[in-house]
Structures are given as C-alpha cells and as structure tokens.
Amino acid sequence: MKAAQITQYSKQFKVEVRDIPVPEITDHEVLVKVKAAAVNHLELLIATGSVKLIQDYAFPLTLGNELSGIVEKIGKNVTDFKVGDAIYTRLPLQKIGAFAEYAAIHADAIAHLPDNLDFVTGAAAPLTGLTAYQSLHEELAAKAGESLFIPGGSGSFGQMAIPIAKSMGLKVIVSGSPTARERTMAAGASQYIDYTTENYWERLRDLDYVIDTLGPGEFDHELSVIKPGGHLLSLRTGPNKRFAKAMGLPWWKQKLFSIAGAKYDHKAKKKKIEYHFVFVRSDGEQLRKITKIIEKNGIVPAVDPTEFRIEDINEALTLVATGHPKGKVLIRF
C-alpha cells in the first residue's frame with residue numbers, strides 16, 4: 001500500500017510516498033480502508049519535532065491524525081463494528097498513520113460516520129470535535145449559564161465548538177471575519193465581533209472562559225476579558241506545568257514544561273485566572289456523542305475545494321502551513 005512517511009524530524013522535512021505492507025491488526029483493532037484523511041497543523045508540529053517531548057515517534061513514521069474509511073477486517077475481540085461499516089476517527093496519538101491506503105486502529109478510537117456526512121466531510125470532523133469536547137467538558141468543566149468567548153472562532157474549530165457549547169447551556173461569543181458572521185450566528189453564537197472593525201478587548205468583560213485559537217500574541221488581550229476565577233484555555237500558546245501533570249509525563253518533562261509555561265502561568269495567576277493547554281486524544285465514546293451533536297445540528301465541516309491525492313502530500317502540507325485554505329485540507333483516496 002502507499003503511505004506518506006518521514007524518516008526523521010526536521011525543520012525542512014520532506015514527506016516521501018512509499019510502498020509498505022498493509023498493517024496486521026491485533027485482537028482489539030480494525031483494519032480500515034482509508035477514504036479521506038485531513039491535513040492539520042499538527043502534522044507540521046510532529047514532523048518538525050515540535051511535540052516530541054509530548055509524543056516521540058519511531059521512524060519511518062507514517063503521518064496523519066484523522067481519517068474516514070471503511071472497515072475491512074475486525075479483530076476477534078471487536079464487537080461494536082463489522083466489515084463494511086463507515087467510520088471516522090482521531091487516531092491514537094501513539095499510533096498515527098492516516099496518510100496511507102490502510103490503517104490498523106484500536107476499536108476504542110473509532111465511531112460510525114455521522115449520517116449527514118460523507119467520507120470527505122467526515123474526515124474533517126473528529127480532531128476539532130474532540131478538541132472542543134475535551135476542552136469544554138474535561139479541561140474547563142463548563143456549566144450551563146456561563147459565558148465562553150472564542151477569538152478567531154469562525155473557522156473549523158468554532159464550527160464544532162459552538163454547537164457543543166450551546167448543548168451544554170453556555171453563552172457563546174465569537175470574533176472573526178465579516179464573511180463568517182452569518183454562518184457563525186446560525187451555528188448558535190449569541191454575539192459576533194467583526195475583528196476588522198472592532199477590538200474584542202474593548203467590548204468584552206468578566207467572562208468565565210476563553211478558548212484561544214490564535215496563539216501567544218493574543219494572550220494579554222484574552223486575559224483582560226476574563227473575570228477573576230475564570231479560565232483561559234489555549235490550543236496554540238503552549239504547554240505548562242498543569243498540562244504536563246495531567247498527561248502523566250515524567251518529572252523531568254514536567255520540569256521542562258513548567259519552565260516553558262512559567263511566563264503564561266505567572267501572567268494568568270496575577271489576574272487570578274487559570275491557564276490551560278490542551279492536546280487532544282482519541283476517544284471513540286466521546287466521538288459517538290459528537291456524532292449525535294453533528295447529526296442534530298446538521299453540522300457539515302467546511303472543506304477546501306483543492307483535491308489532493310497522497311502523491312500531493314507535500315503540496316497539501318504547504319497549503320496548511322503558508323496558504324489560506326477555505327476549510328480543512330484533505331487527502332482523498
């Protein structure tokens with residue numbers, strides 16, 4: 001089968017498409033014929049070695065973290081799936097490999113494809129869906145009636161996070177481009193701030209939660225709109241001591257992350273705010289709950305119209321890294 005692999009971490013990495021054997025499955029795994037795989041910033045972080053302290057890989061490494069496909073074979077201990085089922089998944093962090101014609105995946109990491117999604121749109125949903133779910137339910141433990149702001153939330157993350165937050169009874173405020181206002185409000189946002197004409201930090205105050213999608217350049221502005229006792233969770237700014245402890249990392253990694261995140265922890269603590277960093281994991285049970293939200297709300301993730309095949313993997317990664325995709329970038333099989 002064809003697979004897109006790297007042989008080492010490198011800031012100037014190049015992915016090679018190789019012929020490798022179809023993987024064998026264990027008793028708890030399914031063999032999936034991949035139909036589509038999403039290309040994310042996470043692939044860039046993995047390939048450059050930026051997250052090797054969180055998860056280090058053996059080489060050669062087949063890249064790719066989320067996919068949709070058809071179950072071709074099941075292990076003898078798998079009971080919830082059968083051959084021919086359409087599935088989608090965020091692959092387990094320890095065993096990625098979506099950029100291949102076949103993938104062996106633990107059954108606990110997969111869920112049936114939502115009825116309203118096809119393989120292309122389905123491959124664009126699990127990573128952002130699980131990120132939103134784990135951020136809101138686990139990291140923040142948000143409660144009905146509380147307020148949530150997502151700066152830059154008009155993109156693919158907000159598309160999943162808004163309906164999940166609304167299903168929990170949260171008031172959701174989003175900032176983004178003027179072109180995304182209508183669909184963001186339709187997704188359930190209570191308020192929309194057009195970043196081209198308004199500064200959210202001049203409009204908002206005393207919020208319970210902020211989920212940051214923009215990175216460290218917005219950190220101070222985001223802190224300024226949160227009330228004491230509130231929480232700032234970032235998808236991009238970087239890990240800290242709290243994150244390292246929650247991941248159960250060894251003491252020396254906890255020490256490194258404590259140092260790396262100290263600036264952000266200190267700024268947040270001065271304002272009596274708690275800073276969180278999230279790195280999403282696979283979870284088939286949560287994905288099934290997300291499926292119900294997707295189907296109930298008719299969510300269809302935005303997909304970039306450029307049609308990439310596995311041979312085009314480096315061009316697809318370049319679009320994610322430096323271009324302006326109009327939705328999730330996908331490899332189609």
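Colleague: Why is the pair Glu 274 and Arg 242 called a salt bridge?

Modeller: In this predicted model, the closest N and O atoms of Glu 274 and Arg 242 are 3.0 Å apart. A salt bridge requires a side-chain nitrogen of Lys or Arg within 4 Å of a carboxyl oxygen of Asp or Glu, so the pair qualifies.

Colleague: What makes this pair a tie between parts that are 32 residues apart in sequence?

Modeller: Glu 274 lies in strand 14 (residues 274-277), whereas Arg 242 lies in helix 8 (residues 241-246), so their pairing ties those parts together.

Colleague: Why is Glu 274 called partly exposed?

Modeller: Its relative accessibility is 34%. Buried means under 20% and exposed means over 50%, with partly exposed in between, so Glu 274 is partly exposed. Arg 242, at 36%, is likewise counted as partly exposed.

Colleague: For the salt bridge between Lys 82 and Asp 85, which residue is buried and which is exposed?

Modeller: Lys 82 has a relative accessible area of 53%, and exposed means over 50%, so Lys 82 is exposed. Asp 85 stands at 9%, and buried means under 20%, so Asp 85 is buried. The closest N and O atoms of the two residues are 3.0 Å apart.

Colleague: Why does Asp 194 have no salt bridge?

Modeller: The nearest side chain of opposite charge, that of Arg 181, is 4.9 Å away.

Colleague: Where does Asp 194 lie, and what stands opposite Asp 194?

Modeller: Asp 194 lies in strand 11, and Gly 176 stands opposite it. Strand 10 and strand 11 (residues 191-194) run parallel and are joined by four bridges.

Colleague: What makes strand 10 largely enclosed?

Modeller: Five of the six residues of strand 10 (residues 171-176) are buried, so the rest of the structure largely encloses this strand.

Methods:
Residues are numbered from 1 along each chain as its sequence is written. This is a predicted model: local features need pLDDT of at least 70, side-chain atom pairs count only at pLDDT 80 or more; totals for chains, interfaces and linings use all residues. Side-chain values use heavy atoms; hydrogens and water are left out. Buried means under 20% relative accessible area, exposed over 50%, partly exposed in between (1.4 Å probe, protein chains only). Helices (H or I, at least four residues) and strands (E, at least two) are DSSP runs, numbered from the N terminus. Two strands pair if DSSP finds at least two bridges between them. Lys and Arg count as positive and Asp and Glu as negative; His and the chain ends are not counted.
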